[in-house]
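Student: Could you walk me through this one? I would like to go through the strands and helices, and then a few residues.

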Amino acid sequence: MIIRPATREDVPALLSLIRGLAEYEKKPEAVVATKKDLLRDIFGPQPKFRALIAEWKGEPAGYASFFHFYSTYRGRSALFLEDLFVLEKFRNHGIGIGLLKAVATLALDEGCFGLRWEVLDWNRSAIEFYEKLGAKFLHERKVVSFDEQATRGLIKNM
Amino acid sequence: MRQDSTVTIRPVKRNDARVLRDLIHELAKYERLEHEAIMTEEDILRDGFGPRPKFRALIAEAGDQIAGYALFFEFYSSFQGRAGLFLEDIFVRPEFRKQGVGTKLLAEVAKIAWEEDYFCLRWEVLDWNTPAIDFYKKIDAEFLDQWKAVCLIGDALQAMSQKAAK
């Protein structure tokens, strides 16, 4: 297993891994990102996220994507782990742990106070995996969102 | 009660660092998380006003008094291939509540999200904070109840970084 930062050449494989994650999360239609978006947002002048690729015997097997996420209480950033995904045929080889370990190491090296992420409540296997690693579930926190339409509505009604 | 007509929203300035620190600690106290709040004025100056700011903030003023703030930064969606805005904090001091200050702050953040082409505005609310939850429901925010927030900090993070892969 090799874990390494994604390169420009990985973008097509990364996009298909992102689609693999969306299928796993039962919302394949949710991926509207294009190769151009990923190239711009990882490698452009204003990078918005980073990605690690896990290779198993030379094949792309999984990925992690993440970015800095600020905490006003801490006065420091955490790394927000946006995605962590291993293709089904490569599971149970420790690839997920390998990816998470690499992200945790980057977080510490960069002076971040922690790692944050979100998990779907029906994803038992992921929840158990995170519990085993000593992750803390912030049960009190509810995630709230305004999509574009709601945002527009809010502005209009003010 | 003070007059809502005098409420103005403006971007935070360097010389607000001290009052922003105070506001953040007041929010932490309201959220019963004051033990977590260690933010200093220096942190704010470095992370809000340095060469690569890590957040942006708005201050709400009622007349010549500081009434509240909103603080936000970018996050990314790999599915969308676009960034969204994450509203880390929104807070109104108790004596200025029920005058539309929170709505004005939120509307201003939504306006920034819209004008700068972010795909959405996201935030988190504590499950016991019913006044806030009711407020967000009234303005048609969507609750993503399927998502659970998780974190790895301190010793568990250290242990993870040292874990041997199988």
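Student: How many helices and strands are there in chain B?

Tutor: Chain B has five helices and seven strands, where helices (H or I, at least four residues) and strands (E, at least two) are DSSP runs numbered from the N terminus. This is a predicted model, in which local features need pLDDT of at least 70 and side-chain atom pairs count only at pLDDT 80 or more, while totals for chains, interfaces and linings use all residues. Residues are numbered from 1 along each chain as its sequence is written, chains are lettered from A and ligands numbered from 1 in the order in which they are written, and side-chain values use heavy atoms, with hydrogens and water left out.

Student: In what order do the elements of chain B run?

Tutor: Starting at the N terminus, the order is β-α-α-β-β-β-α-β-α-β-β-α.

Student: Which strand pairs with S1 of chain B, and in what sense?

Tutor: Strand S1 (residues 7–11) of chain B pairs with S2(B) in the antiparallel sense over five bridges; two strands pair if DSSP finds at least two bridges between them. S2(B) also pairs with strand S3 (residues 65–77) of chain B, again in the antiparallel sense, over seven bridges.

Student: And what are the bridge partners of B:Leu58?

Tutor: In S3(B) the partner of B:Leu58 is B:Ala70, and B:Leu58 is itself the partner in S2(B) of B:Pro11. The hairpin of S2(B) and S3(B) has two residues between the strands, and B:Gly63 there takes a positive phi near 65°.

Student: Why is S2 of chain B described as largely enclosed?

Tutor: Because six of the seven residues of strand S2 (residues 56–62) of chain B are buried, this strand is largely enclosed by the rest of the structure. Buried means under 20% relative accessible area, exposed over 50%, and partly exposed in between, with a 1.4 Å probe and protein chains only. Over chain B, buried residues make up 52% of its 166 residues.

Student: Switching to the sheet with seven strands, what is its order?

Tutor: This open sheet has the order S1(A)-S2(A)-S3(A)-S4(A)-S5(A)-S7(B)-S6(A), with mixed pairing. Its edge strands, each pairing on one side only, are strand S1 (2–5) and strand S6 (136–137) of chain A. Within the sheet, strand S2 (residues 50–56) and strand S3 (residues 59–71) of chain A run antiparallel and are joined by seven bridges, and A:Leu52 has A:Ala64 as its bridge partner in S3(A).

Student: Which strands does helix H3 of chain A lie across?

Tutor: Helix H3 (residues 95–109) of chain A lies across S1, S2, S3, strand S4 (76–86) and strand S5 (114–120) of chain A, and runs at about 165° to S4(A). Such angles run from 0 to 180 degrees between N-to-C directions, and the axes are lines fitted to C-alpha atoms, for helices over the stretch in contact. Helix H4 (residues 124–132) of chain A packs on the sheet as well, touching S4, S5 and S6 of chain A together with strand S7 (147–153) of chain B.

Student: Is A:Ser71 buried or exposed?

Tutor: A:Ser71, which lies in strand S3 of chain A, is buried, with a relative accessible area of 10%. Not counting residues up to four places away in sequence, A:Ser71 touches A:Arg76, A:Phe113 and B:Glu88, where contact means heavy atoms within 4.5 Å.

Student: And B:Lys138, buried or exposed?

Tutor: B:Lys138 counts as exposed, at 69% relative accessibility, and its place is in helix H4 (residues 130–138) of chain B.
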